[in-house]
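This report describes selected local features of a single protein structure. The sequence and the coordinates are shown first.

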Amino acid sequence: MKKMKLVMVGNGMAGVRTLEELLKLMPDMYDITVFGAEPYPNYNRIMLSPVLAGEQGIQDIILNDLDWYQQNNITLHLNKKVVRIDRLKKIVYAEDGTEAEYDRLLLATGSNPFILPVPGKDLQGVISYRDIQDTNAMIAAAEKYKHAVVIGGGLLGLEAANGLALRGMDVTVVHILPWLMERQLDQSSSRMLQSSLEAKGLKFLLEKQTQELVGGPDGRVTAVRFKDGSEIPADLLVMAVGIRPNTALAESAGIYCNRGIVVNDTMQTYDPSIYAVGECVSHRGTAYGLVAPLFDMAKVCANHLARMGIARYQGSVTSTKLKVTGIDLFSAGDFTGNDNTDEIVLHDAAGGVYKKLVLQDDKLVGAVMYGDTTDGSWYFQMIRDGKNVAEIRDHLLFGQSHLGNSGHLGQSSAASMPDTMEVCGCNGVCKGVIVKAIKEKGLFTLEDVRKHTKASASCGSCTGLVEQLLASTVGGAYTPALNMTKTMCGCTELTHEEVRQAIDAQKLISIPQVMQALAWSTPNGCASCRPGLNYYVLCAHPRLARDDPQSRFINERAHANIQKDGTFSVIPRMFGGVTTAKDLRRIADVADKYNIPTVKVTGGQRIDLLGVKKEDLPKVWADLDMPSGHAYAKALRTVKTCVGSEWCRFGVQDSTQMGIDLEKQLWKMYAPHKVKIAVSGCPRNCAESGIKDVGVIGVESGWEIYVGGNGGIKTVVAQFLVKVKTHDEVMEYTGAFLQLYREQARYLDRTVHYVERVGLEYVKQQMVEDAANRKALYERLLYALQDEKDPWAKDNVNQREFEALEL
């Protein structure tokens, strides 16, 4: 049987996904030709923001390399833009004269960025943000210029702003509406998002209309002028004000378009030989810009190209997850509500958590979450299924784990999920599909799962869940590699692990030495790598390495937490949460003497002095005459205790003294991120040991030690590490675990992230099963802490240098 000819115009994610689905169904039905206007094979546009941020390289986001096209006998024309379709002769023509005949034509021309029609839009330095070329242009500009302005406060604009800020630019986001991401967030969650981004250094101008872009004598943009007469500097101007379906080619061929190439439920245009998928499409009056709907279209289109004729695309319920580093955000369905809906809302501004569920007729129709997005997939599944939630309505806001025993008895949340629940929203992959592939194909790594199922291969937000499925399905056979390919930043192609190994092996003791030895691409590094490098050299070579205070974050340079009004928070250390009347009087006297407006008891059993002026900090420390609480640092914060057997009738161990001893030994310990410890005197766990980086719980026969817990925005229950009998064993095992974390974790990873990445079994192998290594780890920690100084001590504070400190 002679093969039919299929030509695809556009080489993006939706089109290539259609080909992948088609090749699964009918691998020998077509001779396939692909035209791509860019010089790259199919890549993951969703991951352009990590490339801009310096977290990944171009090669990391390629989805289908050139070998894939060759292996599937696909003729690929890169850097060739199709400009004409002859529907009578069934031929397409590229700009350079290349032509190809077709029996079926698939249009996957994507979308074009909308450029504001304002004076100056054609100046140099005014760009959009849609492809690799735009990304490279922004990276180049960040190396040369200072001021960046992003017009548009949607998802794409915020990703561009975040990436440019990480590249060292001074970034202002301009948005015409009253709040950011208005299509995905309500006003409350948007305000929380804005505050978080402002804390990262981004600036925002809301309800601003651009009048013109001002250029300099060299033809490059220099400023943005608004209709209210105000003006801000701009060396780089990024337009991120929306997209428009790219219909120019279709319209020139007489194919019916109406805010997109109009298709029916089989993805067929008004010409029965021509199909269309992706952002260029208008289906039932809707154009989609998120990945999941585009991949749904691809499956249907492939089904009909394969002449099976049994699939229909009926639209998609969409969800959004923001990918700005460190900020968890999720929305799905109709979260705005109306007179016929009910809302269940949790708003904890101080805790950084916001949840709103919208219900109608006892069904969940929309959800928006900020901070704690753990149950996003569960809510999204209920929205898609139209499930009646009347019976669980009272507990719905508290998530899936509140309804059962997920997380107990060693189970992960992934293990307790039903097979029908969607894990990867981008690619529509359910748990059952992933587990089946793992078992039948013998998959052991995250990359294997991505290759065979596409789960976690797009935006990456489900990566943790996929790794949990791997761990729960293959058990001990799953050991994630320490050296996972995540480059440290855009200044190097090396991973965190490779940098740490080189620092250790080559005895590099300063940041300049590291950059020279490892061929850093930028002479002075960037805001992303310098703090990490500073920590890595100090950790690898205690007493030898040279600290670079300017490579620390502002809070660590000032030895106090800066507050939103520019004043500081001072928290003296109280070992084990125990204080004295003398210390309390001293704190009260200091508060009165320096007119400190707020004195607050913290959740870590300490006292916080809020509103201290910068110039008063050294004097406040001197008058307090108490050790630094390191509440500002990537270091040990607190050791929380209960009163234990000394006072409590339920206590079986002296948790207070154990906590004091741990804190006195570890209080000068710096780490990749903050560390919190708790010691409870009995299994009632009043000190909340089960959600700390290290949790110690007294039992009749000794102590149980738990690790990798987290009580922050995403609450994670700590995992059982070991049971020991004596005080000294608690000290040794705790110290060894923390040193293992100090030596192997990536900078800014909490213990929960480290344990998730390497696996609890690996941790046990290193320091529970290997006694010699445990003792060596413990000894290295004690050695590192011997000469650490208290930054608040009088002998360590230079008043003149401190006053000159740049904040």
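The sections below treat an open sheet, the aromatic rings and the salt bridges.

## Basis of the report

The structure is a predicted model, in which local features need pLDDT of at least 70 and side-chain atom pairs count only at pLDDT 80 or more, whereas totals for chains, interfaces and linings use all residues. Residues are numbered from 1 along each chain as its sequence is written, and side-chain values use heavy atoms, with hydrogens and water left out.

## An open parallel sheet and its helices

Five strands form an open sheet in the order S3-S2-S1-S7-S19, with parallel pairing. Strands and helices are DSSP runs numbered from the N terminus (strands E, at least two residues; helices H or I, at least four), and two strands pair if DSSP finds at least two bridges between them. Strand S3 (74-77) and strand S19 (274-276) are the edge strands, each pairing on one side only. On average, neighbouring strands of this sheet are turned by 20° against each other, direction ignored.

Strand S1 (residues 4-9) and strand S2 (residues 30-35) run parallel and are joined by six bridges; Leu6 has Ile32 as its bridge partner in S2. Helix H1 (residues 13-25) packs on the sheet and touches S1, S2, S3 and strand S7 (104-107), its direction making about 155° with that of S1. Helix H8 lies across S1, S2, S7 and S19, at about 165° to S19. Contact here means heavy atoms within 4.5 Å; axes are lines fitted to C-alpha atoms, for helices over the stretch in contact, and angles run from 0 to 180 degrees between N-to-C directions.

## Aromatic rings

Eleven aromatic pairs are found in a search of the whole structure. Trp68 and Tyr69 form one that is edge-to-face, at 5.0 Å centre to centre and 85° between the planes. Rings of Phe, Tyr and Trp (its six-membered ring) pair if their centres lie within 6.5 Å, and planes under 30 degrees apart count as stacked, over 60 as edge-to-face and the rest as tilted. Both Trp68 and Tyr69 are buried (under 20% relative accessible area; exposed is over 50%, partly exposed in between; 1.4 Å probe, protein chains only).

The rings of Tyr288 and Tyr313 have centres 6.2 Å apart and planes at 80°, so this pair is edge-to-face. Tyr288 lies in the loop between strand S20 (281-283) and helix H8 (291-305), and Tyr313 in the loop between H8 and strand S21 (319-321), so the pair ties together parts 25 residues apart in sequence. Tyr288 and Tyr313 are both buried. Ring pairs also link Tyr535, Tyr536 and Tyr747 into a cluster.

The charged end of Arg17 sits over the ring of Phe295, 4.0 Å from its centre. Such a placement requires NZ of Lys or CZ of Arg within 6 Å of the ring centre and within 35 degrees of the ring normal.

## Salt bridges

The whole structure holds 32 salt bridges, each a side-chain nitrogen of Lys or Arg within 4 Å of a carboxyl oxygen of Asp or Glu. Lys208 forms one with Asp228, with the closest N and O atoms 2.5 Å apart. Lys208 is buried at 16% relative accessible area, whereas Asp228 is exposed at 54%.

Glu688 and Lys640 meet in another salt bridge (3.0 Å, N to O). Glu688 lies in the loop between strand S35 (675-680) and strand S36 (694-699) and Lys640 in strand S34 (residues 636-641), so the pair ties together parts 48 residues apart in sequence. Arg17, Glu20 and Lys454 are linked in a network of salt bridges.
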